[in-house]
Amino acid sequence: ACSPERSRAKVTPRLPAGSSAELHAPACPQRLGPLRLPFESRAPRRSPSLPSAMNQIEPGVQYNYVYDDDEYMIQEEEWDRDLLLDPAWEKQQRKVSRVSCTPSAGLVRVSTFTAWCNSHLRKAGTQIENIEEDFRNGLKLMLLLEVISGERLPKPDRGKMRFHKIANVNKALDYIASKGVKLVSIGAEEIVDGNVKMTLGMIWTIILRFAIQDISVEETSAKEGLLLWCQRKTAPYRNVNIQNFHTSWKDGLGLCALIHRHRPDLIDYSKLNKDDPVGNINLAMEIAEKHLDIPKMLDAEDIVNTPKPDERAIMTYVSCFYHAFAGAEQAETAANRICKVLAVNQENERLMEEYERLASELLEWIRRTIPWLENRTPEKTMKAMQKKLEDFRDYRRKHKPPKVQEKCQLEINFNTLQTKLRISNRPAFMPSEGKMVSDIAGAWQRLEQAEKGYEEWLLNEIRRLERLEHLAEKFKQKASTHETWAYGKEQILLQKDYESASLTEVRALLRKHEAFESDLAAHQDRVEQIAAIAQELNELDYHDAANVNDRCQKICDQWDRLGTLTQKRREALERTEKLLETIDQLHLEFAKRAAPFNNWMEGAMEDLQDMFIVHSIEEIQSLITAHEQFKATLPEADGERQSIMAIQNEVEKVIQSYNIRISSSNPYSTVTMDELRNKWDKVKQLVPIRDQSLQEELARQHTNERLRRQFAAQANAVGPWIQNKMEEIARSSIQITAALEDQMNQLKQYEHNIINYKNNIDKLEGDHQLIQEALVFDNKHTNYTMEHIRVGWELLLTTIARTINEVETQILTRDAKGITQEQMNEFRASFNHFDRRKNGLMDHEDFRACLISMGYDLGEAEFARIMTLVDPNGQGTVTFQSFIDFMTRETADTDTAEQVIASFRILASDKPYILADELRRELPPDQAQYCIKRMPAYSGPGSVPGALDYTAFSSALYGESDL
């Protein structure tokens, strides 16, 4: 022992990187000159300082301040003056083995390092009792390094001489140095001489290098990594707050939490008491020693009763827990990776099944709808055809719009699924046969082809039926009038009354027959009209044409017979006329004038009661003009009527004047004065009725015109609005300055405005329905039809939805592949420059020019290979999404089949196969069952019953297998 003089120590306050610090102390026979620090220091966090009260330094004691390599070394804390004066602290330090003049302050505990060394040496069947003595010959030191490293050191010298021992220790120190550790001022001589300070420094270096240095969590340093690991594992536990490697462990709950987190079967954490720190620490150490093969390295009382427990000792002990649970951590990491991969696959399979279901339902709806739209079988009545038109309106307004949304959503889901598969490095999704997006588009095109013209056909059929009903009613009226007139005419013409008649009577019969012929000739036009109407009904395919034809044929046949009989009777009367000379000229004149006038009145009554159908104000005004012209002829007709009545009055006057004994009735005419009066009164009654009906129709046409203008005003506003929105969406999709999120917000605003605009479309549909119900079929005030508006609206909805999906896909691709907004803007600028048609597509030559402008040296073979990536279906165009995928395909951070295989190998403990029980133990139940159901049986070397082939399964996940 030496007795150095008191002197003030000189300490370098801050050490530059790569240098050593010197601490000067009084000379001591055991060590001369300045004492060098045993470890190299790199930019320490703060300078060491001597105790504030220098008179408290024990005489003859050398104080050493240790600086460690900051990659994995831990720095000593500054001396705490109050700690040096604390009797409890002094009592605790006396438990530490001391050799020579080694101070207790700042040194790691000998017992902890001894226990740590023995935990490894026992694997080789040996141990140490005294750390400074048992390593002096270097043999157990070399053995310790071989056990903890798993490597062979050079063969030791077996001699007992000092130089043999020094040689062995140097072999150990050289091996430590070969592992990247710089040993400063630690020489073999100090170890051989039993310098406990140097020996402990060397053991701490070994602990740091082989037990702590490799601990790293999220690229932190060794100490920080071990601390972060402890914090994460103990975070869920109450009363545990790990912030350091000294005071945070004093209550023992941290150690208990580490054990419970990994082995909850070994400890009941809920029963622990924070107020029993010694019991907690001893419980943790006993369980660790018994079940985890971690020797008891610390003393519970020392930890609890020391204001600041020794940091190195606790780090050494806690690192044993890290290594004890390292296998479980590795398995947990592997299981997490597998769970992530399987979750992606399960979600993708769900999306595939959803796509298949929606595609099947949509295709089935199209298959059922097309025959209905292609059916052009006309109905026989207006009511039935109007019911068909109403059904078609319901289809366009209620049934088709949801299907348009379903089709658009199906395409969006398909594109999103393909993007997810591409980003997750999975093979592209191929739908079932007949359910590709192109198949659905083709079926939809066939649907629209069938739909095209169906509404026009319905309206034409309604017009045709309307015309048919009008003609049929007109036919019935004219036929009934003619049949009434012709009734009994054949019997009259067949009479032989002239055979027994007087000359006067015969002449009367002849005149009567002449009047009949005049009447017959007047009815010629009516018969021709009846025949013409019947012909038109046949041409328009009237459903009751057979009865019309039969009735028309009977009228024509009867007309022919009347003509023949009239001719025969005339011939008979003319033969008899020579026998008859006296004819009442007045009666004859009456008959000649009354018959045409009567026929005129009948025609006028028919015209006044005639049904009419018009479609414009001009047409009804034309009818009104004709009616006014007819009314203008009434005074002239009234004059004719009075003249005819005057003839009959004259007849009666002559009979009375000359006392003629014959009836005043006119033998030449069937028209009586009463008939003329009645029919004239009827004509005068029908004129104002006709006036009223024409005015009502004029009002209806004005209403129709208002409906036309109302629809046109709305359509002329809606049509351009839809076009403007389409142009705005097109412009927003090619802009390059705004961020994708801003584009998305803008598109969402567009979508919101479009949805809010739906009320205008519905109002227009209501106006259109009113027009159709009013049977208005043309509109000169607008070029927009409801069909144009519907197609434009559906295209607008589809376009905004697709554009939003494209931006979502770009965001997904950008985030997954780490593309910055500036890169995305550059991609968009390049694409827009070469998108010469400004339709969101580049053809192959434009794409080649774009690549050349970006510095690609393209040969034909290389360009052909690139085209198979960006245009796999051979469409002849490149979309912006394909362009981005190509430009960023090398930067995607995706999992691979090899990574998944490696993770399964960890769970299988390096076996080439895995068992169902292992999957159930390591994975969540649903994902374990997912693997068991899909993994093929393993048939390779060393196979056992129930072995599953995880290699083939992992390859199949990425399309690299036929499974």
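**View 1. Contacts across the whole protein.** Of the contacts (heavy atoms within 4.5 Å) between residues at least 6 apart in sequence, 74% join residues at least 24 apart. The model is predicted, with local features needing pLDDT of at least 70 and side-chain atom pairs counting only at pLDDT 80 or more, while totals for chains, interfaces and linings use all residues. Residues are numbered from 1 along each chain as its sequence is written, and side-chain values use heavy atoms, without hydrogens and water. The protein has 36 helices and five strands, taken as DSSP runs (helices H or I, at least four residues; strands E, at least two) and numbered from the N terminus.

**View 2. Helices H27 and H28.** H27 (residues 758-773) packs with H28 (residues 786-817) at an angle of about 155 degrees, the axes being 11 Å apart. Axes are lines fitted to C-alpha atoms over the stretch in contact, and angles run from 0 to 180 degrees between N-to-C directions. The two helices are therefore roughly antiparallel (over 145 degrees).

**View 3. Residues between H27 and H28.** On H27, Lys758, Ile761, Leu764, Glu765 and His768 meet Met786, Ile789, Arg790 and Trp793 of H28.

View 4. A search of the whole structure finds 27 aromatic pairs (ring centres of Phe, Tyr and Trp, the last by its six-membered ring, within 6.5 Å). In one of them, Phe245 and Trp249 are stacked (planes under 30 degrees apart), at 6.4 Å centre to centre and 5 degrees between the planes. Both Phe245 and Trp249 are buried (under 20% relative accessible area, 1.4 Å probe, protein chains only).

Methods. Parallel < 35°, antiparallel > 145°, perpendicular 65-115°, else oblique. Phe/Tyr/Trp six-rings, centres within 6.5 Å; stacked < 30°, edge-to-face > 60°. Buried < 20%, exposed > 50% of the residue type's maximum accessible area, 1.4 Å probe, protein only.
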